[in-house]
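Here is a brief report on one protein model. Read it alongside the sequence and the coordinates.

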Amino acid sequence: MFTPQPPAQPPVAEAPAAPPPPPEPPGRIIFAGLAMHSQAKAFRNDVELAEKWVKDIDPNALLVKLANPARDQSSDWPQVTVENFALVMSKTAEVAQPRDRVLLFISTHANPGLLNINAAGKHLQPLTPRMLSEALAPLKDVPTLVVLSACYSGAFIEPLKAANRVVLTATDVRRTSFNCRYPGNHTPFAEALFGQPEAGSRSATEWMEEAQKAIAAQEKRRKLPPSRPRIFVGDEAKAWAEQPLGQWLQPIPSP
């Protein structure tokens with residue numbers, strides 16, 4: 001006996017697979033360098049030295065440089081003012097992408113609790129720890145390295161502490177750096193960091209340790225009071241602070 005078969009069901013069309021998410025853009029270093037005082041050539045020279053260091057690590061780095069140049073130095077960079085500094089930090093936060101790293105470098109004279117700003121010999125409104133902390137607040141989730149080459153700069157560590165941040169300062173809270181005299185091409189702290197040979201093979205903490213040793217040796221040789229450079233490493237920054245600087249933009253290996 002013939003049993004009729006039910007009509008074949010049309011095949012159910014499968015929904016097309018969702019496209020894979022676009023890859024994250026490669027990381028970049030976003031460098032903001034500020035030479036804030038016009039009474040020594042060392043400050044702008046420091047920013048140029050730091051810029052070269054950044055380019056060696058990342059040829060595609062985004063570079064922003066501001067300066068109040070000393071006499072006979074070029075004035076081709078935008079001037080440093082409190083307003084321009086805040087604008088640079090705001091724009092940095094806007095363009096920072098997930099795999100980017102930010103380096104903020106400031107070179108200047110200072111008083112306790114103040115990073116001085118001087119243009120053409122005229123004192124302008126200085127940067128306070130609170131101003132600096134508030135300007136960096138939008139970058140709290142972005143791996144950020146802050147380097148301050150200035151006397152008394154250790155006073156900025158406490159207000160700048162953040163989980164994903166490393167802060168390096170030329171001195172502790174109460175000390176000057178080389179009696180606040182910079183007749184050479186660079187401030188000693190900036191030169192000890194950014195002029196350090198083979199820095200790319202060292203982690204940020206090792207890089208700072210080498211600079212501290214070099215500074216202490218110079219001070220002993222010149223019979224100067226110790227400046228005691230300081231370092232802070234946030235809890236979330238420990239992994240990338242232990243990466244070789246030359247691999248700073250590579251993904252952090254899983255533990």
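## Helix H1

H1 is mostly covered, with 12 of its 16 residues buried. This is a predicted model. The helix spans 23 Å from its first C-alpha to its last, close to the 22 Å expected at 1.5 Å a residue.

## The nonpolar cores

The largest nonpolar core holds 44 residues. Trp 53, Val 147, Leu 168, Leu 193, Phe 194 and Trp 207 touch the most other members. Strands that give two or more residues to this core are S1 (29-35), S3 (101-107), S7 (144-149) and S8 (165-169). Helices that do so are H1 (42-57), H5 (188-194), H6 (204-221) and H7 (238-241). H1 supplies the largest share, 8 residues. In soluble globular proteins, nonpolar side chains tend to be buried together.

A second, separate core has 31 residues. Leu 66, Val 102, Ala 110 and Leu 148 are among them.

## Contacts of Trp 207

What does Trp 207 touch, leaving aside its neighbours within four places in sequence? Its contacts include Trp 53, Leu 168, Leu 193 and Phe 194. Those four residues are also among the core members that touch the most others. Trp 207 is in contact with Leu 145, Gln 196, Ala 199, Arg 202 and Leu 245 as well.

Ser 107 lies in strand S3. Is Ser 107 buried or exposed? Its relative accessibility is 0%, so Ser 107 counts as buried.

## The three-stranded sheet

Strands S4, S5 and S6 form an open sheet in the order S4-S5-S6, with antiparallel pairing. The edge strands are S4 (110-111) and S6 (122-127), and each pairs on one side only. Strand S5 (residues 114-119) is joined to S6 by 4 bridges. Asn 118 has His 123 in S6 as its bridge partner.

Helix H2 (residues 82-95) packs on the sheet and touches S5 and S6. The direction of H2 makes about 40° with that of S6.

## Loop residues

Asp 141 sits in the loop between helix H3 (129-136) and S7. Asp 141 counts as exposed because its relative accessibility is 57%, and the cut-off is over 50%. The C-alpha atoms of Asp 141 and Ala 163 are separated by 8.2 Å. These two residues are 22 residues apart along the chain.

The loop between H6 and strand S9 (230-233) contains Lys 223. Arg 228 lies in the loop between H6 and S9 too. Lys 223 has a positive phi, near 55°. Arg 228 has a positive phi of about 55°, although it is not a glycine. Most residues other than glycine have a negative phi. Lys 223 is exposed, with a relative accessible area of 76%. Arg 228, at 38%, counts as partly exposed.

Terms used:
Residues are numbered from 1 along each chain as its sequence is written. This is a predicted model: local features need pLDDT of at least 70, side-chain atom pairs count only at pLDDT 80 or more; totals for chains, interfaces and linings use all residues. Side-chain values use heavy atoms; hydrogens and water are left out. A nonpolar core is a set of buried Ala, Val, Leu, Ile, Met, Phe, Trp, Tyr and Cys residues joined through side-chain atoms within 4.5 Å. Buried means under 20% relative accessible area, exposed over 50%, partly exposed in between (1.4 Å probe, protein chains only). Contact means heavy atoms within 4.5 Å. Two strands pair if DSSP finds at least two bridges between them. Axes are lines fitted to C-alpha atoms, for helices over the stretch in contact, and angles run from 0 to 180 degrees between N-to-C directions. The expected span of a helix is 1.5 Å times one less than its number of residues.
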